[in-house]
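Subject: Structure for your review

Dear colleague,

Please find the structure below, together with its sequence. I would be grateful if you could read the notes that come after it with the model open beside you.

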Amino acid sequence: TVLVVDFGAQYAQLIARRVREARVYSEIVPSTMPVAEMLAKNPKAIILSGGPSSVYEEGAPRLDRAIFEAGVPVFGMCYGFQLMAITLGGTVDNTGAREYGRTPLTVSRSGSTLFEGVPAQHSVWMSHGDACSAAPEGFTVTASTDVVPVAAFENDDLKLYGVQYHPEVLHSDHGQQILEHFLYRGAGIAPDWTTHNVVDEQVALIRAQVGDKRAICGLSGGVDSAVAAALVNRAIGDRLTCVYVDHGLMRKGETEQVEKDFVAATGVKLKVVDAQERFLTALAGVSDPEEKRKIIGREFIRVFEQAQAEIVAEAGEHGESVDFLVQGTLYPDVVESGGGTGTANIKSHHNVGGLPEDLQFELVEPLRKLFKDEVRMVGQELGLPEEIVQRQPFPGPGLGIRIVGEVTKERLDLLREADAIAREELTAAGLDREIWQCPVVLLADVRSVGVQGDGRTYGHPIVLRPVSSEDAMTADWSRLPYEVLAKISTRITNEVRDVNRVVLDVTSKPPGTIEWE
Ligand code: XMP
C-alpha cells in the first residue's frame, strides 16, 4: 500500500487515483492520523498531499517528524513539500512571491531520481503563497522557477522527495512520469496492481466473509450495483439472489437489459418484481417533486422487503438464512464519510433507493476501495456488456422525476420514447463519454401551440439537459453540435405523439440542478 496523507481540499483523491493509474495500490488517510498508526499499516511509500492551508497559519496541520525517519520513502507535494521542508530544517518564507496556474519550471536532471528523462524546461501547475528558499541539509535542489529558488528537492539516501507544484493535475506536464519515478525508482515498488488482481482479491475476501451463507443484492440497472453483484456472484454463485424492482419508471429497454444481458453475462440468480401498477397507483394525482421522491422511495423499500422476505422463506426450506446484503458503495463515499470501518453505517444508498436502517443484514461492499472508473474496469474484467459498464448515471426515482407534473402511464411511455431517441442519437454521434448524462424531461403541465402537417397542434415541450461534470456536484451544460441537436429535435417531434417542441437547457449547476425535480 501507498498511503496518501490528506491535508484537505480535493487533492488526495486525485493523487490516490494517479497512483493507481500507475498500477500501485493506494489508500487515503487523514493528516490527523497519528504517524505510528500510519506506519503500522506497513506502507511501501507515503505521499503528502497539497492542502488549502499555509504552513504558518495557526492550527495548520503538522506532521510528526518520525514520518521522515522510519525509512519509508516519502514524497511531498505543494503543502506536503513545504511541511517536509520546515520539519526537516529547511526554510519556507512568506515572501509574497505567489504563483498560481501554469508556470515554467527549470529542472536539473543529473542524478535526480524524480526528473531523469524529463525535459529540462517544462510547465507545471503551481498554487501557493509561501515559498521554500532553502532546502533542508543534505537535500539536493532539483528544480526552480523565476520566482521560487527551491521548487523541488530530494535526498536519495533517505528516500525523501518533494515538489512545490501539483504533479497530479493534468496541467502539469510529465506529472505522471514524476510520480511513477518516485514509486518505481524512489520507492522500488513494482507496478502490479491491476483490476485482474482486484477481482481475485475481492472474490477471496467475499468467500471468506460470506462463507457458506447466502446474500441478496438490489439491482438498480446502474453500474455500481451491477458490478458488485457480478463480483459476489463470481465468489458465491447461486447463493446470491439479485432483486430487481421494475417500478415502471425505467428507461426503454432497461428492464430487458437487466433480465437478459446481465443474466447472460453473469449467470446470476435474478428475481424481477413487476411493481408497475403499485407505483402508478401510489403516484396518481401527485405533482410535487419531493412528494414523488418520498412515495417512490417508500414503495421501493416495501417491494424490496417483500421480495427479500420471499427469498428468506424459500431459502429457509433448505435450512439456510440470508445474512448478507450486497451494496455498491464506492471509495469516494467511504472517504467522504470519514473512512468509516464498515458495517455500522448503512446510509440511504442511492443504488437501492434508501434501505431502512433496521435491515438485519451484514453488508458486503466489494467496491468500497474503488473509484468509479476502476469499477467500470472491474466490470469489463468480469465480462459485463459495454452497455452496462459504460452507462451514464440515472437517478433512483427514474423517469418519475423527469415528468414535470403528474406521473401517468401514458406520459411515461411518451417520455421513454423521447429519451430513447436522444440516447440513440447521442450514441450514434459518439458523444456518450463526453457528456456526463443527458436527462430528457417532459413538461407535462405545459402546452404550446405548434403546426404539424396542415393542422394546429397543442402539445408538450421536451427539454434536453446534456451536462458535463466530474462528480455531479457541479456541472456545466454541454455544447453539443447543432447537427446532433437538430436531429434529436426533428426525430422527437416527428416520432413522439403529443410533443411539438424540443428545447435545450443551458443552465449550469449551480444554479440549476442536473435533474429538473
Ligand atoms: P442533481 O439533480 O441533484 O443530481 O443535480 C445530481 C446527480 O444525482 C442524480 N440524482 C439521483 N440519483 N437518486 C439517485 O440515485 C436520486 O434521488 C437522485 N436525484 C438526482 C442525478 O441524475 C445526477 O446524476
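The notes below take up the sheet, a helix pair and the ligand shell.

This is a predicted model, in which local features need pLDDT of at least 70 and side-chain atom pairs count only at pLDDT 80 or more, while totals for chains, interfaces and linings use all residues. Residues are numbered from 1 along each chain as its sequence is written.

An open sheet of 5 strands runs in the order β14-β13-β12-β15-β16 with parallel pairing, where strands are DSSP runs of E with at least two residues and helices are runs of H or I with at least four, numbered from the N terminus, and two strands pair if DSSP finds at least two bridges between them. The edge strands, each pairing on one side only, are β14 (269-274) and β16 (362-364). Strand β13 (residues 240-246) pairs with β14 over 6 bridges in the parallel sense, and Asp246 has Asp274 in β14 as its bridge partner.

Helix α5 (residues 195-210) packs against helix α11 (residues 372-381) at an angle of about 80°, with axes 9 Å apart; axes are lines fitted to C-alpha atoms, for helices over the stretch in contact, and angles run from 0 to 180 degrees between N-to-C directions. The two helices α5 and α11 are therefore roughly perpendicular, a term that covers 65 to 115 degrees.

Of the 12 residues around the ligand, Pro395, Gly396, Thr513, Ile514 and Glu515 come nearest, a residue being near if its C-beta atom, placed from the backbone, lies within 6 Å of the molecule.

With kind regards

Terms used. Angles under 35 degrees count as roughly parallel, over 145 as roughly antiparallel, 65 to 115 as roughly perpendicular and the rest as oblique.
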